[in-house]
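I opened this notebook to record what I looked up in the structure, one topic at a time.

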Amino acid sequence: MTEPVVPFRQVDLCRLAGDARLGRPIAATCTSLWFRPDAYFGARRAGDAEYGTVRQVELLLSLLGEWTEVVAVATRRTRRTAIEELTAALVVFADGTIATVLNSLLAAREVGWFRFDFEHATVEIDQQQGTCNITATPGREQPVAQAWTESVRTPTAPEDSEASDRTAAHELLAALREAARTGRSVRRGERGFTATG
């Protein structure tokens, strides 16, 4: 059963993700399909590239905690630039949750979308529409609905549900870049790569 869609800025996502009624996180998807014109690439060096998704990665980390390992691929498809236009990664978190992270700077129809699968519910965020919804697994509708209702804030409440520590997001993106460059997995805390920003 899917609960009513609400503006995602009104959902206390950290509270919701930590609610035992949803169960443990199992998997997540972070999809950032943007379009960036030539001027975007001309103004940035490779080390300054944010894969168009720093804010998205901040949110991912704020809900799932510390990551432990990442594998990734990256490529340039249409422009001769120092910045990758398309990246895809698998990120393993400390509790065993696995997230897929897909980013494109070439998408004519832009999409910013998250999906978090818990043991008893799925939470989806559509950044383009500014909405969030939750679907309970069969038999868990009532406790999940209660958790959902309690996590929805009034429009006058503070709206900043994203992580404030950008360093952690840059660390993961640096690891993603290193994993794509070397073709091997990169573990958190490993020497040989540095965060940018």
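Which residue of strand 9 is the bridge partner of Glu 69? I found that it is Arg 187, and I keep in mind throughout that the model is predicted.

**Sheet.** I then looked up the pairing around that bridge, and noted that strand 3 and strand 9 pair in the antiparallel sense over 2 bridges.

**Strand 5.** I next followed strand 5 (residues 98–104), which runs parallel to strand 2 (residues 25–35) and is joined to it by 7 bridges, while 7 bridges also join it, in the antiparallel sense, to strand 4 (residues 86–93). Thr 100 is the bridge partner of Thr 29, and Thr 100 is also the bridge partner of Leu 90. Strand 4 and strand 5 form a hairpin with 4 residues between them, and in the turn I noted Gly 96, whose phi is positive at about 100°.

**Nonpolar residues.** The largest nonpolar core has 43 residues, of which Leu 60, Val 70 and Phe 116 touch the most other members; helix 3 (residues 54–64) gives the most to this core, with 7 residues. I listed the contacts of Leu 60 beyond four places in sequence, and they include Ala 28, Phe 93, Val 101 and Phe 116. On the surface, I recorded a nonpolar patch of Val 71, Leu 90 and Ile 98, with about 220 Å² of accessible area together. Val 71 lies in strand 3 (residues 67–75) and counts as partly exposed because its relative accessible area is 33%.

**Salt bridges.** My search of the whole structure gave 10 salt bridges. One of them joins Glu 150 and Arg 15 at 3.7 Å, N to O, and this pair links helix 4 (residues 141–151) with helix 1 (residues 13–17), 135 residues apart. Both belong to a network that links Arg 15, Asp 19, Arg 21 and Glu 150. I also noted the salt bridge of Glu 178 with Arg 181, whose closest N and O atoms are 2.9 Å apart; both residues lie in helix 5, about one turn of the helix apart.

Definitions and conventions:
Residues numbered from 1 in each chain as written. Predicted model: local features only at pLDDT ≥ 70, side-chain atom pairs only at ≥ 80, totals over all residues. Heavy atoms only, no water. Patch = residues over 30% accessible without salt bridge, like charges linked within 9 Å, V, L, I, M, F, W, Y side chains within 5 Å. Areas by Shrake-Rupley, 256 points an atom, 1.4 Å probe, with all protein chains shown as cover. Salt bridge = Lys/Arg side-chain N within 4 Å of Asp/Glu carboxyl O. Buried < 20%, exposed > 50% of the residue type's maximum accessible area, 1.4 Å probe, protein only. Core = buried A, V, L, I, M, F, W, Y, C linked by side-chain atoms within 4.5 Å. Contact = heavy atoms within 4.5 Å. Pairing = 2+ DSSP bridges.
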